[in-house]
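Biologist: I'm new to this one. Can you walk me through it?
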Amino acid sequence: MITFDYQNALDFIGGEEAVARMEPQVKAASDMLHKKNGPGNDFLGWLDLPTNYDKDEFKRITKAASKIRRDSDVLIVIGIGGSYLGARAVIELLGHSFASAATKKVRKSPLILFCGNSISATYLADMMDIIEGKDISLNIISKSGTTTEPAIAFRILRAYMENKYGKKGAKERIYATTDKAKGALKGLADKEGYESFVVPDDVGGRFSVLTAVGLLPIAVAGIDIKELMKGARDASKAYKKLPLSENPCYQYAAVRNCLLRSGYSTEVMVNYEPSFHFMTEWWKQLYGESEGKDRRGIFPAGVDNTTDLHSMGQFIQDGARIMYETVVQIDQPRRTFLIPNDKTNLDGLNFLSGMDMNEVNAKAMQGTILAHVDGKVPNLLIHMPDQTAYSLGELIYFFEKACGISGYLLAVNPFNQPGVEAYKKNMFALLGKPGYEDQKAALEARLKK
């Protein structure tokens, strides 16, 4: 199971007594979550999802993934935010580090590409170069079908598919993950006959990785989604219990709020495996969108070590004391590599000969934690047992459950995101969308100042 160690934070928050004092607040947050009577209670479908997911749809996901693996060189996943981050995080952490350059034989799956998460012409044009001459399937993921970034990408790629395969052939290669009953994409999918999967009404995008939103691309990548769900299911059972001293998930929520109350307003997620990078991106969205409201919240940031020790390391060691670190250690990484002996020993590293690089990486992590604690940076440590679908399912649920508890401890609604709409209104006005004429004039005047 996932374990959590906060010993290197105790001196910064007033000791174990400070954590113990959080017990009544954590219990109240847990009760609100499980009784579903707190803010945002209409978006708690993720809470019991590992047990109560749609088993028939799960079978259809598995079947569709098998078809895509047989008939496609590339699967293009179109989505933004929670519609792609979770899937990409899982695929990158459990897949080959150089999947884009590897052959299908080495990769053991179609190449998974992601678009519709920006409005970059260069990115999309470069992707079109890559897919030329290859057999393609599309998975368009959007609750409404009108979100700007994925809608533009889908407009372009749908035309490409219909030109390449004809409307009938394209229909067999386009998969829509959308609302079960309404919306522009649902209407188009029904009209064109695309196979469709459901974005549940009661699961917000950032919590949706264990729904069809994430599971279809993950299954196409050859990852065992049954094991992923099993890990999440076991975690959902383990992380219900109190007292606080027996629940590492609740401890994480409590300690991070103790640190915030002690003046540490930024949490830096730290990993020592490059493949964890997009898990950090997923975590940043999960906590940033959930907690950043009402002028409250802990700012989520991330570094990839040891790489970033040579860039951000100086600031973390000696900069402003506004941050704490949450380190995720994978105890048994996916692969090993032994360091060879060199007769000349020009680099002076023969003392490492025969040692597994994972051991060196672990010592680098331990040394860094000690140095940062000495530099007055609190450190939390999460142990992920191994780099498997089961353990990742556990970790995903660990972070989701802790996020819900932590949001309630902050006294915010962790399941909405009202601030996300502000930029869209300005963008639509500046682009001249009908109905935004007055706003356009006002915004253009501001830009001229």
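Predicted model: local features only at pLDDT ≥ 70, side-chain atom pairs only at ≥ 80, totals over all residues.

Biologist: Okay. How many residues of strand E7 are buried?
Modeller: Six of the six, across residues 266-271. So E7 is largely enclosed by the rest of the structure.

Biologist: Which residues sit on each side of it?
Modeller: Thr266, Val268 and Val270 are on one side. Glu267, Met269 and Asn271 are on the other.

Biologist: How many bridges join E7 to strand E8?
Modeller: Six, and the two strands run parallel. E8 spans residues 299-304. Within that pairing, Val268 stands opposite Ala301.

Biologist: What does the chain pass through from E7 to E8?
Modeller: Helix H14, residues 277-291. That makes a β-α-β crossover, and the crossover is right-handed.

Biologist: And how many bridges join E7 to strand E9?
Modeller: Six again, and this pair is parallel as well. E9 covers residues 323-332. There, Val328 is the bridge partner of Asn271.

Biologist: New topic. Where is Leu111?
Modeller: In strand E3.

Biologist: Is Leu111 buried or exposed?
Modeller: Buried. Its relative accessible area is 9%, and the cut-off for buried is under 20%.

Biologist: What is Leu111 in contact with, leaving aside neighbours within four places in sequence?
Modeller: Asp73, Val74, Leu75, Ala99, Ser100 and Ile130.

Biologist: And how are Leu111 and Leu124 placed?
Modeller: They are 13 residues apart along the chain. Their C-alpha atoms are separated by 16 Å.

Biologist: Now the surface. Which residues form the nonpolar patch there?
Modeller: Ile119, Ile152 and Ile156 form one. Together they have about 250 Å² of accessible area.

Biologist: Where does Ile119 lie?
Modeller: In the loop between strand E3, 111-115, and helix H8, 121-131.

Biologist: Last stop, helix H18. Which of its residues are buried?
Modeller: Lys424, Met427, Phe428 and Ala429. The helix itself runs over residues 421-431.

Biologist: What do those buried residues pack against?
Modeller: Two helices: H9, at 148-171, and H19, at 437-448.

Biologist: Why would residues three or four places apart point the same way in an α-helix?
Modeller: Because an α-helix has 3.6 residues a turn.

Biologist: And what follows H18?
Modeller: Gly432. Its phi is positive, near 85°.

Notes:
Residues numbered from 1 in each chain as written. Heavy atoms only, no water. Buried < 20%, exposed > 50% of the residue type's maximum accessible area, 1.4 Å probe, protein only. Helix = DSSP H or I, 4+ residues; strand = E, 2+ residues; numbered from the N terminus. Pairing = 2+ DSSP bridges. Right-handed = clockwise from strand over helix to strand, strands pointing away. Patch = residues over 30% accessible without salt bridge, like charges linked within 9 Å, V, L, I, M, F, W, Y side chains within 5 Å. Areas by Shrake-Rupley, 256 points an atom, 1.4 Å probe, with all protein chains shown as cover. Salt bridge = Lys/Arg side-chain N within 4 Å of Asp/Glu carboxyl O. Contact = heavy atoms within 4.5 Å.
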